[in-house]
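I am new to it and would like a plain account.

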Amino acid sequence: MGLNFCRALLLLLTLVFLVPGARAQGELLWELSADRLIHREEPEGRLVLAEGEVVLSRPASAAGGALTIKADRMSYYPDRGLVEARGRVSIESLDEEVAAETVSLSLVDETGALTGATIFLPASGLYIRGESIEKTGDLTYELRDAWLSACHPDEDCPPAWSFTSKRAKITLEGMAHLYHSAFRIRETPTAYLPYLLLPAKIKRQSGFLFPEWSRSRRDGLGVNLPYFINLSPSADLTLHPRYLEHRGLLAGAEFRYAAGPASRGMLVASFLKDRTVDDETYDFKNDGLLRTTTNRYWVRGKADHDFGDNLIGRLDLDLVSDQDFIQEFDSGSLGHPTLDREFSETFGRDLLEPSLTTRQSALQLGKIRDNLVVSGELRLQQDSRHEKRAVSPLQSLPRLNFAARAPLRQRLSSLAWNSEYVHYWRSRGVAAHRLDLHPQLITPMPRARGWLEGRITSGVRQTMYQVTEHGDDHHWEHERYQDRSAVDLEANLATTLVRDFALARGGEGSAEAAESYRRRWLEHMVRPNLSYTYLNRTDEEKLPRLDAVDRLERKEWLTYELNNYFELAGLKAGTDGQPGDFTSRSLAFFQVAQTYNLREKWRENLDPDEEGRELSDLRFELQLDPWPNLNLRYQTNLSVYGLGVTRYELRGGYRPGRGGSFSVNYRYLKYDRMVEPYFYTTRGEEMHDIVARFNTPVTSTIGLYGMLNQSLSEDHIAEASVGIRYQPHCWAVDLEVRRYLEEKSVMIIFTLDAIGQFLRGSKKGI
């Protein structure tokens with residue numbers, strides 16, 4: 001006990017003595033602890049010899065942040081700020097973790113030399129090792145006989161992959177420069193590179209990314225060598241020069257920026273001066289539509305901007321030279337599938353389907369406040385077909401919307417106002433200026449002793465047109481000024497019945513969960529709802545047909561719904577016999593609905609062999625959430641006029657606890673012209689399709705993924721893919737087979753942790 005006390009006292013006296021001297025050297029605050037400390041006066045200055053569990057540390061509050069040096073033995077010159085450490089040396093900071101045999105380090109500028117050292121960079125996940133390392137700055141190193149990998153170095157087992165180099169320069173805020181390097185799989189060198197740049201960075205820096213290669217019957221051999229340009233901490237540009245053997249240079253560029261948490265943008269452009277044109281020997285998609293243009297491009301992008309004070313701007317850009325470009329060049333990092341996922345994750349908005357020949361671009365600006373929405377839009381539509389229509393697409397230049405709601409009569413009723421002005425323009429065809437005004441009065445029904453509740457919404461609508469003509473071949477045969485008036489009414493009446501069914505005490509599985517609940521029950525809520533919809537209007541024959549607003553369907557519908565809600569609820573057990581927290585979650589929903597068309601019932605102009613069919617299909621909907629990670633939704637229609645089942649749709653998603661996911665959308669329409677509420681019709685063709693995706697781990701290192709988009713009615717697979725990923729520690733390889741537009745391709749992607757995609761290749765026409 002006396003020995004430990006003396007050791008502690010000696011350590012305390014040494015620390016008190018060292019700190020003032022350290023402060024004299026540029027205000028560096030260092031603390032030293034060890035099992036044994038010896039103080040000497042040398043010609044070079046004071047020297048402290050430390051042995052046994054030596055720790056020299058700098059606090060986080062000091063300039064440069066926290067830094068800790070540990071060793072078995074250490075020589076410390078506090079006046080000069082020099083350290084020489086030997087035996088199990090380690091250096092730890094926020095930016096690096098170093099293990100070495102010996103270290104000689106200047107604490108003033110953090111330069112020095114290391115032998116037998118391994119450096120781990122937490123920001124990039126890289127391990128760097130060298131027999132001789134010179135630390136040339138705070139975050140810079142020069143190495144001899146260097147080794148670099150994201151795999152943990154293990155003396156007993158060689159890493160899966162690594163780069164070795166005779167000489168290397170590494171800047172933690174930049175890149176690793178390797179000279180006379182080799183890429184090794186295990187210990188076997190597989191490629192020699194006289195010079196190589198690798199990311200070893202905390203901050204982004206310009207440089208080449210790993211190449212992509214492809215091969216197809218149509219394009220020949222293709223190589224893409226992307227180059228990343230760091231414009232600023234919040235903006236970057238990536239150039240994608242992709243050379244296709246039979247087509248030429250497909251040049252691409254991707255610009256990204258982030259101006260704030262809700263302000264960001266991404267713009268991508270591709271251009272190809274195509275060496276080939278379509279002819280009878282090769283017709284892309286075999287649709288009989290031949291492309292003759294050679295200057296081909298696709299510009300796509302999205303941006304969001306928050307101007308503050310609830311003023312939001314949004315841009316969606318999609319311009320293409322021809323209807324085949326997007327589908328023809330769909331692979332690689334700038335292909336539609338890759339960019340669609342990136343846009344969806346970044347902006348929450350997908351790209352348009354690649355098969356659509358009318359591409360839309362829009363610039364929107366909107367302001368949202370309580371009960372008020374004001375927005376404006378410029379929307380352009382582009383016809384990308386090889387053979388243009390006689391009538392060109394409509395352009396909204398501009399569209400202005402105003403919607404508001406204000407309480408009336410002590411908030412018992414409210415006035416809603418929806419108005420829109422749009423200037424439709426086109427280069428060929430009939431367009432118009434249109435003003436649409438639609439005020440509505442919303443009034444709650446008086447409650448009948450709490451049993452019944454409801455609401456009445458009534459409104460008037462006035463739509464005015466100033467028709468314009470564009471092109472010599474298009475003339476408007478009526479007066480230029482036209483208008484239409486309409487009245488609408490919607491009323492609904494509902495009641496709610498609730499009953500709780502006690503469940504056996506327990507949780508959802510284990511006996512331990514059973515004890516966590518004091519009481520559990522199943523709540524069943526039945527909510528019948530009856531609604532009446534009425535809409536009448538003046539004649540529309542002399543109105544231009546521009547969009548859905550120009551044709552309002554006359555309605556007099558009576559709809560009933562029987563809604564059933566099932567909820568699982570419980571009261572958890574508390575302490576000292578007191579009740580705990582209340583918990584609940586939705587378990588299921590079931591609905592039966594049908595609509596009765598009063599106007600059809602009273603229609604007098606029936607043909608002799610025609611029967612009135614005033615009832616819609618009987619509609620059923622079932623939603624199930626049996627577990628938090630599983631959801632199912634099924635909808636189906638049953639005709640009451642002998643057509644049988646006219647529609648069904650199954651949507652589901654499952655995310656198992658061990659990772660992975662599965663989703664399916666299975667849909668059938670007897671006639672694709674059917675619209676809600678699904679009155680009797682035989683217009684249209686049968687539609688039967690399925691879209692499914694899955695991603696599941698097989699083992700800890702192997703996973704399967706795939707997707708299927710198939711039209712069952714036409715027995716045609718629009719797109720399908722299946723792949724397998726092998727992902728052990730520090731690397732991964734994907735092998736994917738894909739079918740798209742009758743063309744099959746195989747893709748292989750090698751990914752190295754901390755490096756990214758090391759090699760990406762594909763071959764079409766297999």
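The model is predicted. In soluble globular proteins, nonpolar side chains tend to be buried together. Here the largest nonpolar core has 49 residues, and those touching the most other members are Leu56, Met74, Trp161, Phe163 and Leu198. Strand β4 (residues 67-77) gives this core its largest share, five residues. Another core, of 15 residues, lies apart from it and includes Leu244, Phe325, Ile326 and Phe343.

Across the whole structure there are 13 aromatic pairs. In one of them, the ring centres of tryptophan 161 and phenylalanine 163 are 5.9 Å apart and the planes stand at 80°, so the pair is edge-to-face. Tryptophan 161 counts as buried because its relative accessibility is 2%, and phenylalanine 163 is buried at 1%. Phenylalanine 163 also pairs with phenylalanine 183, in a tilted arrangement with 5.0 Å between centres and 50° between planes. This second pair links distant parts of the chain, since phenylalanine 163 is in strand β10 (residues 161-171) and phenylalanine 183, 20 residues apart from it, is in strand β11 (residues 175-185). Together, Trp161, Phe163 and Phe183 make one aromatic cluster.

Helix α3 (residues 336-347) has 12 residues and spans 16 Å from first C-alpha to last, close to the expected 16 Å. Its buried residues are His336, Thr338, Leu339, Asp340, Phe343 and Phe347; of these, Phe343 belongs to the 15-residue core. Glycine 348 follows α3, with a positive phi near 75°.

Two arginines sit over tyrosine rings: arginine 80 over tyrosine 77, 5.2 Å from the ring centre, and arginine 613 over tyrosine 680, at 4.0 Å.

Conventions. Residues are numbered from 1 along each chain as its sequence is written. This is a predicted model: local features need pLDDT of at least 70, side-chain atom pairs count only at pLDDT 80 or more; totals for chains, interfaces and linings use all residues. Side-chain values use heavy atoms; hydrogens and water are left out. Helices (H or I, at least four residues) and strands (E, at least two) are DSSP runs, numbered from the N terminus. The expected span of a helix is 1.5 Å times one less than its number of residues. Buried means under 20% relative accessible area, exposed over 50%, partly exposed in between (1.4 Å probe, protein chains only). A nonpolar core is a set of buried Ala, Val, Leu, Ile, Met, Phe, Trp, Tyr and Cys residues joined through side-chain atoms within 4.5 Å. Rings of Phe, Tyr and Trp (its six-membered ring) pair if their centres lie within 6.5 Å; planes under 30 degrees apart count as stacked, over 60 as edge-to-face and the rest as tilted. A charge sits over a ring if NZ of Lys or CZ of Arg is within 6 Å of the ring centre and within 35 degrees of the ring normal.
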